[in-house]
Protein chains: 2
Amino acid sequence: MQAKATAVTAQTEGCSAPQLGGSDPLYRQVMEVVAQSISSGALRPGDRLPSLRKMSSSTGVSIPTVQQAYVELERHRRVESRPRSGFFVRHVAELPLVRAAPRGSRGPARYRSVPLVQRVYEAIDRADLVPLGIANPTMARPATKALGRCMRRVMSRQGERTINYPPTLGEPVLKRQLAFYLLDSVGAQIDPDSICITNGAQEALALALQAVACTGDVVAVESPTYHGMLELIDSLGMYALEIETCPEDGISLRALERALAGRKVKVCLFATTLNNPLGVSMPQANRAQMLELLARHQTTLIEDDVYGELRFDGQRAVPSQFLRSGRTPSTHPGPDVLTCGSFSKTVAPGYRVGWVISARHRDAIARLKRSHSCGSPALPQLTLADMLASGDYARHLIQLRLALGQNAALMTSQVEAHFPAGTRISKPRGGGVLWVELPEGLDSEDLFERAIDAGVSIAPGGIFSPGKRYSNFVRLGFGHVWDEATDRALLWLGGEVSRLAA
Amino acid sequence: MQAKATAVTAQTEGCSAPQLGGSDPLYRQVMEVVAQSISSGALRPGDRLPSLRKMSSSTGVSIPTVQQAYVELERHRRVESRPRSGFFVRHVAELPLVRAAPRGSRGPARYRSVPLVQRVYEAIDRADLVPLGIANPTMARPATKALGRCMRRVMSRQGERTINYPPTLGEPVLKRQLAFYLLDSVGAQIDPDSICITNGAQEALALALQAVACTGDVVAVESPTYHGMLELIDSLGMYALEIETCPEDGISLRALERALAGRKVKVCLFATTLNNPLGVSMPQANRAQMLELLARHQTTLIEDDVYGELRFDGQRAVPSQFLRSGRTPSTHPGPDVLTCGSFSKTVAPGYRVGWVISARHRDAIARLKRSHSCGSPALPQLTLADMLASGDYARHLIQLRLALGQNAALMTSQVEAHFPAGTRISKPRGGGVLWVELPEGLDSEDLFERAIDAGVSIAPGGIFSPGKRYSNFVRLGFGHVWDEATDRALLWLGGEVSRLAA
């Protein structure tokens, strides 16, 4: 075995690399050096990659390992080999950005995709399918070891506590750690008593919605938006009203203003940071205007902040509830905002630990939590509190964001390489999904069924809208360890779409 | 230290004892020998206990240990010492059985006790109060070691699985084990696919109720019944209709028939085995008649079976859904029955693992589970599956029932000893609570507040009825390790009630 290069810098023609030395295999680190040089423009389409020998000597990595990296890059269609000439950066047509929903509101609607959502979940549950149908970023870098370590500490110190009834609103130590973490990372001043720990963000959304709205009420949502929100709204007998959402800067303020003026919107259920499936975040100025609008119309905002931690650049947006009025000069008092989040997109979806934060609705939420599930299990809560306190959580997030950024680049380049002209894609700045607009006329529900037969799960676009818009869109998740099966799945998908579009 | 008596039989005047040799301290085993002789009538009020020397020689336990047992029995007011004569079984007036609710329906009602329930939960959460306010049988014999063993096995074999999203309807291995356990213990034939694993029985009830009823519907409940059901019904915008329930044989069939005939009852939410707070189970014949009635009126039954395992005699009633038609000759097809249960009353409330069983409503329940909490954590489920498979669960239940039976006898005898004439009590055949009717005119909400000041939590009777009946009842939980603090709490309560009644 060769010695591990712990701090070598590659400096060859066009390739100025960061230090090698992560825990990844060396060939993957070399791949990353090249990929970053392509992303930064240091290496451009048509450029020749450094020779195997040069790359080997500049990185201190053996020639066979460099070759393995180059072959792998070729498999990912980032480079191409030319006989007796070496490896060259591929010319790939950059796909245009997906388009927003067609203009014009269609009015509040019930959700008509429930049977299809059921089939999507069945596909997601199948271990034999390549899981592109799920938004599950944590699997790009599972924190198995850190979680195990924290759990063992909890079990040895307070095993007995994990057996008895937990406090209805959550373990106090987790709520303190969470408040401290949000203070530390975004300067949010949060009273731990205003936090209710829930069974993942899904229960947080359910409790928040039931605390502020009733059967028959109208809930404004982004278009497109997460199907779990739409199913929830529907199961509570409420109506979803789609607000046009732009792939560049999120919710259209004009569309929102029209909706608020035109009819009684009881509550807005928005993910202003890294919306699922668009991966877009609202610029700060837009967010401030949105909050003004909501305050003026006395409309409550439930903010789904589950992707808040997952910007590839590590910048964390302040949840709207905790934006200081000093930063957003306003003539109105702020609107009523409830913040929902979870650990499901950052570290452990299987722990089912989420939260809803609202001092104003605390009692209503407590009552709902008590009568609908009576408190969440203690052990996952205590384990995550330990992970926050030990710093393991913050360290894990750095690694996870890196892995997701790499996966996003890989998926983008492969879609660009394999999908036909007429395809458009989102440019996610974080999160774990790519939103793909297929050539017009294609039916993504049909593609979903074909994909299952081919061993791949995808999420058809229709489920992201109550009105079954987006029938020619698909959402592809990149939150898993990238492997050959992923390559093959994208190759197959691109080929199938090309065939159907021809 | 004295040698442990592993298989000694006490046979002295009036005292024919089971074998000593459990894991309890020896003095407690001697106490149990005496207590059982009193319960069986072998020792009667006024009888003299065997002398210390005789008891010592017949049990093989040292004289100081026997003395410790006798002094402890005196502290529990089972026996009294007479100077220079020895210990004698006390004369205690047996208290009469609690009475049923006043006759006459008051019609469907909203639940008015929510603020009081909130205060009761706050009291329960306080570690500094003696916890008589909670129904928490497992703490009478915590299965800490067995659970830890099972969890370690799960973590070493499938730790990674516990991190990722669990299947929406629950871990297949737990559902298989549960189906097998119920087949083995009561002969119920259950398709594992008809089981949905939930966040405790509370979520099971919530999903079941939402699957079969809507806002505004009328739900029939036993009177008195568990406050968590009433709060749930209310939070869903439904109305509770109280059905008279007798402390000897449960739901009054006449009252039920009247209710079903008179108005549209959408669903019945009953605990036919060991109702909380009465501790009563419906005789099999009554249950068959009830099912006939429900089938005739096409009324759905949601059966809360959380106490099903906890009859002191170990006899397990078959949940109504699985009664074979062969056993209950019927001219109608059976009614629609959903069965809810959990591990919260038998082994680990902190794990929050419950279930709802219904093939007919499976899809509706799946949809609700998906949109309201998206699946329950994997680790608690896998741990309990292991506990079922290893036989640890069945072994634990035997010990738990024993401990609860002892606690029930202790609490009964102490209430009989300390509470004034005019008090009436339930005769629980299992479970973890005693239902106490205080002398008329007493206000148990007032007593609840006084008790908190004295360091004791109790559950005031008013919360067990939407109509605030039972204002002079209290529910006392005996599901904890019995200690001096419990003795003192009951002594204080009896004194306070006597004072208020005077």
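This is a predicted model: local features need pLDDT of at least 70, side-chain atom pairs count only at pLDDT 80 or more; totals for chains, interfaces and linings use all residues.
Student: Which helices supply the side of chain A that touches chain B?

Tutor: At least two residues each come from H4 (114-125), H5 (144-158), H7 (200-212), H8 (227-235), H11 (362-372) and H12 (378-390) of chain A. H11(A) gives the most, with seven residues. Helices (H or I, at least four residues) and strands (E, at least two) are DSSP runs, numbered from the N terminus.

Student: What classes of residue make up that side of chain A?

Tutor: The side of chain A that touches chain B has 28 nonpolar, 18 polar and 10 charged residues. Ala, Val, Leu, Ile, Met, Phe, Trp, Tyr, Cys and Pro count as nonpolar, Asp, Glu, Lys and Arg as charged, and the others, Gly among them, as polar.

Student: What makes the pair B:Arg367 and A:Asp234 a salt bridge?

Tutor: The closest N and O atoms of B:Arg367 and A:Asp234 are 2.4 Å apart. The rule asks for a side-chain nitrogen of Lys or Arg within 4 Å of a carboxyl oxygen of Asp or Glu, so the pair qualifies. The count between chain A and chain B is four salt bridges.

Student: How much area do chain A and chain B bury between them?

Tutor: They bury about 4500 Å², 55% of it on carbon and sulfur atoms. Buried area is the accessible area (1.4 Å probe) that two parts lose on being put together, summed over both. A:Ile163, A:Tyr165 and A:Arg370 supply 18% of the area that chain A buries against chain B, more than any other three residues. In terms of contact (heavy atoms within 4.5 Å), 56 residues of chain A meet 55 residues of chain B.

Student: How is chain A divided into domains?

Tutor: Chain A has domain 1 (10-89) and domain 2 (95-156 + 215-346 + 391-502); such bounds come from an automatic or database domain assignment. Their centres, taken over C-alpha atoms, are 33 Å apart. These two domains of chain A bury about 880 Å² between them, 41% of it on carbon and sulfur atoms. On the domain 1 side, A:Arg75, A:His76 and A:Arg77 lose the most area, together 53% of what that side buries. The count of salt bridges between the two domains of chain A is zero.

Student: Why are strands S15 and S18 of chain B said to pair?

Tutor: Pairing requires that DSSP find at least two bridges, and five join S15 (433-437) to S18 (473-477) of chain B, so the two strands pair. They run antiparallel, and B:Glu437 stands opposite B:Phe473 in S18(B). Both belong to an open sheet of four strands, ordered S14-S15-S18-S17 in chain B. Strands S14 (424-425) and S17 (459-460) of chain B are its edges, each pairing on one side only.

Notes:
Residues are numbered from 1 along each chain as its sequence is written. Chains are lettered from A and ligands numbered from 1 in the order in which they are written. Side-chain values use heavy atoms; hydrogens and water are left out.
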